[in-house]
Amino acid sequence: MLKHTPLFELHSAAGARMVDFGGWEMPINYGSQIEEHHAVRRDCGMFDVSHMRAIDLAGVASRDFLRHLLANDVDRLVPGKALYSCLLRPDGGVIDDLIAYRLGAGTGLPDIAYRLVVNAATAATDLAWMEQVRARFGQADLALRLRTDLALIAIQGPQARARAAQVAPQLATLLADLGPFHAAVQGDWFVARTGYTGEDGCEIALPADQAPAFWQALAAAGVAPCGLGARDTLRLEAGMNLYGSDMDETLSPLEAGLAWTVDLRSPRDFIGRAALERQQAAGGLRQFLGLRLLGRGVLRSHQEVQTAQGPGEITSGTFSPTLQASIGLARLPAGVQPGDEVTVTLRSGPAPARVCRLPFVRHGKVLAPAA
Amino acid sequence: MTVPADLHYTESHEWVRTEADGTVLVGITDFAQEALGDLVYIELPEAGKTYAARQVIAVVESVKAASDIYAPVAGTVVAVNESLKDAPEALNQDAFGSWLFRLQPANAADTGGLLDAAGYQKQIDSEK
């Protein structure tokens, strides 16, 4: 039995094509995935991301718990600031990636120390793991709470904040003042300037029963409903990892382009640290880079890449509506440089592709060099 | 969803139009294009090549996935719709108006083994 978000009936009524995504019946598109993609790059679109799970932490031990649990250091956060991090196994494999928001005193949610937002498919595993780690903290003041009472709507695009303010005037000042990667609270709405598209925008967590009316008001104001299909092409252009495709429990964040999210500077004992330090000392780590197909065809995950330094693999591939070419994310041997030409094995046979830095697109602008 | 009555169909969602000269035009159905999503790349066969029935003859790729197109009957490729290579979205806009390739069937009676509109309608109803 697939799970439904509070907006499921609206998606069905809008004629969305639905798919099973991590056990949730979610819209893949509402007609044209490419048009939805362009709406976000050029104007503004919205995504129902209520399948992602918010987990709230309360209690004075929350900080120590997260500094042990997460590969990134929550001590980098002031109240209201967000941090992207991996949740690692002791051997360094990635259990999930998540965003941690620091709340507490000085924010509108003084009783919540941190809010974590995790992926839908991995939420149960994450929670079980967190409970297991929590046991190490004995009787410490620490409570984990899964927020099944919230809906989550991502509004993304150059006009996203303006359009959200128009629909919800009570948020106008908050939205105008909110810094990138910051969150603020207005009544029982939690507003964060975060997203998964490479565009400006916000993600709003609100009580489930208020979500349908807000969604409909946004649609009436011209915000395009967008499905998981556009979400995937947008995040791929933005060079953002997808859990389960670009990294998983068998892979180190150091080989998934996520070294920047691992904090090895602070003298913390976090889970996976020793394994990552061993990998780093051993050297020869594979790199995570972009590929742009030079001819016709479409790059897909698991396709083989031949480089002068040895074989690599595409972890995510698609057709980029912004570049009008196929692009991919790939794990490539050490020594491969942006600008190198490599050979990808497409369905139809070998084809040349160019290695490039990530992201491909940011804030509506193409950053990848022309083919 | 439309299923034109004057065409034949395969279980793998190709449509087949028999022309006056005995050749057949082949495309993908409206049901197929909708299931695939926005099409972004099409690989067509070469004219002159011969295929067995149900052999992979072309590939259409959408933003989501790649999908094989099968020869509905045994035959030789007479022509391909080159304009689709630069405008694969035409398949989304008008699936029944956008043919992929023209075949000279090895045996003219072969199209008799394909589904008619009613049979195909029944199949897609069962897949919904």
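What we have here is a predicted model, in which local features need pLDDT of at least 70 and side-chain atom pairs count only at pLDDT 80 or more, while totals for chains, interfaces and linings use all residues. Residues are numbered from 1 along each chain as its sequence is written, and chains are lettered from A and ligands numbered from 1 in the order in which they are written.

Chain A contains nine helices and 21 strands, where helices (H or I, at least four residues) and strands (E, at least two) are DSSP runs numbered from the N terminus. The C-alpha trace of chain A spans about 55 × 50 × 40 Å along its principal axes. Its radius of gyration is 21 Å, which agrees with the value near 21 Å for a compact globule of 371 residues; this radius is taken over C-alpha atoms, and the globule rule is 2.2 Å times the number of residues to the power 0.38.

Of the 371 residues in chain A, 49% are buried, and by that I mean that 20 or more other C-beta atoms, placed from the backbone, lie within 10 Å of the residue's own, whereas 12 or fewer make a residue exposed and anything in between partly exposed. The largest nonpolar core has 138 residues, and among those with the most contacts inside it are Ala100(A), Leu291(A) and Val344(A); such a core is a set of buried Ala, Val, Leu, Ile, Met, Phe, Trp, Tyr and Cys residues joined through C-beta atoms within 7 Å. Not counting residues up to four places away in sequence, Val344(A) touches residues including Leu293(A), Val305(A) and Ile314(A), with contact meaning that the C-beta atoms, placed from the backbone, lie within 7 Å.

Let me move to the helices.

In helix 4 of chain A, Ala123(A), Asp126(A) and Met130(A) are buried, and their arc of only 60° around the axis puts them on the same side. On the other side of helix 4, Ala128(A), Glu131(A) and Gln132(A) are exposed.

Now to Leu329(A), which lies in strand 17 (residues 325-332) of chain A and counts as buried because it has 27 C-beta neighbours inside 10 Å. Leaving aside neighbours within four places in sequence, its contacts include Leu236(A), Phe288(A) and Thr315(A).

Finally, the contact between chains takes 14 residues from chain A and 10 residues from chain B. On the side of chain A that touches chain B, helix 2 (33-42), helix 8 (228-237) and strand 16 (310-320) of chain A each give two or more residues.

Note on methods. Contact = placed C-beta atoms within 7 Å. Arc of directions from axis to C-beta.
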